[in-house]
Amino acid sequence: MITLESVGKVIKGDSVLEDISFDIHPKELVCITGPSGSGKSTILHLLIGAEEATSGKIIIDGVELRSLPPTALQLFRRRVGVVFQDYKLLWNQTVAENVAFPLEVCGIPQKMISKRVEAVLSDLGLLRKAKTMTSALSAGEKARTAIARAIVHNPMILLADEPTGNLDAEESAMMINLLQLINKNGTTVVLATHDMSIVDQLQTRTLVLNNGKLVLDSSDGQINTVEKEFSKEDRRIPLEKASLDTEGGKRIKIVATQS
Ligand code: ADP
Ligand code: MG
């Protein structure tokens, strides 16, 4: 369904992705993880054709993205749903208007749009919020609205970039359950997150990036842990970087030594 063949991406002279190859099969749920700056978002940008690979090939549903003329690329994008980290909702519009938007772009008749929007809002427990401005929603409701908008047109692929970044533990677990449910209903789901607790919760195939390289492709999301000792006073290692090793895609467990 999604194939990357030796993909490289250079941005402003910097190599951001290097020699990335993987296959994602139809109906798979795949996590992409790695420290901040490792290239997760860049991969998602390439998959929606928002950016072009500098080298290598990206083939989605049998079509090489680079070969698509702009109009065909637009049609392709309609088959992909995206949840952005900051959700990119239209904040001065209602929940229903936000969710209707992808269908309006596709030129679907208004009557069908209303029915479909109502069904999706009902599925996501947002029906009561249909006429609420998205700016007035709670964090969890914003996240669910972003999901509703991403799946309202029944995409074959759902891409989610750090969808739990702004959520507390309970809302975050709910978000992950939703993504699992959408996947069970037949959508291929690719989830980028630096949060290892999400990887642990999902127990699904996980691609680990580091410095723009694919360092591990774990079929069950089990990532080996190496323990490293640091004194409590040693604050040189930022926690986010410490969650994954710089080599081999191993997780580092910080163990405080007695001092
Ligand atoms: P992640 O999502 O894993 O945090 P990104 O894919 O956003 O990582 O970024 C990977 C690297 O590419 C980072 O070093 C980032 O600074 C760089 N990068 C991404 N987009 C741009 C851009 N538009 N201009 C300059 N550098 C960029
Ligand atoms: Mg990112």
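Analyst: Eight helices and 12 strands make up the secondary structure of the chain in this predicted model. Of its 259 residues, 46% count as buried, and the chain exposes about 13200 Å², of which carbon and sulfur atoms supply 50%.

Turning to the ligand, the residues around ligand 1 are Ile11, Lys12 and Val16, together with Pro35, Ser36, Gly37, Ser38, Gly39, Lys40, Ser41 and Thr42. By class, this shell divides into three nonpolar, six polar and two charged residues. Helix α1, which spans residues 40–47, gives the largest share of the shell, namely three residues.

A nitrogen atom of ligand 1 lies 3.4 Å from a polar side-chain atom of Lys12, whereas Lys40 places a polar side-chain atom 2.8 Å from an oxygen atom of ligand 1. For Gly39 the backbone is involved, with one of its polar atoms 3.0 Å from an oxygen atom of ligand 1. Taken on its own, ligand 1 has 560 Å² of accessible area, and the protein covers 58% of that area.

Conventions: Residues are numbered from 1 along each chain as its sequence is written. Chains are lettered from A and ligands numbered from 1 in the order in which they are written. This is a predicted model: local features need pLDDT of at least 70, side-chain atom pairs count only at pLDDT 80 or more; totals for chains, interfaces and linings use all residues. Side-chain values use heavy atoms; hydrogens and water are left out. Helices (H or I, at least four residues) and strands (E, at least two) are DSSP runs, numbered from the N terminus. Buried means under 20% relative accessible area, exposed over 50%, partly exposed in between (1.4 Å probe, protein chains only). Accessible areas come from the Shrake-Rupley method with a 1.4 Å probe; for residues, only the protein chains shown count as cover. A residue is near a molecule or strand if one of its heavy atoms lies within 4 Å of it. A polar contact is a pair of N or O atoms within 3.5 Å; within protein, one must be able to donate a hydrogen and the other to accept it, and residues adjacent in sequence count only if both atoms are side-chain atoms. Ala, Val, Leu, Ile, Met, Phe, Trp, Tyr, Cys and Pro count as nonpolar, Asp, Glu, Lys and Arg as charged, and the others, Gly among them, as polar.
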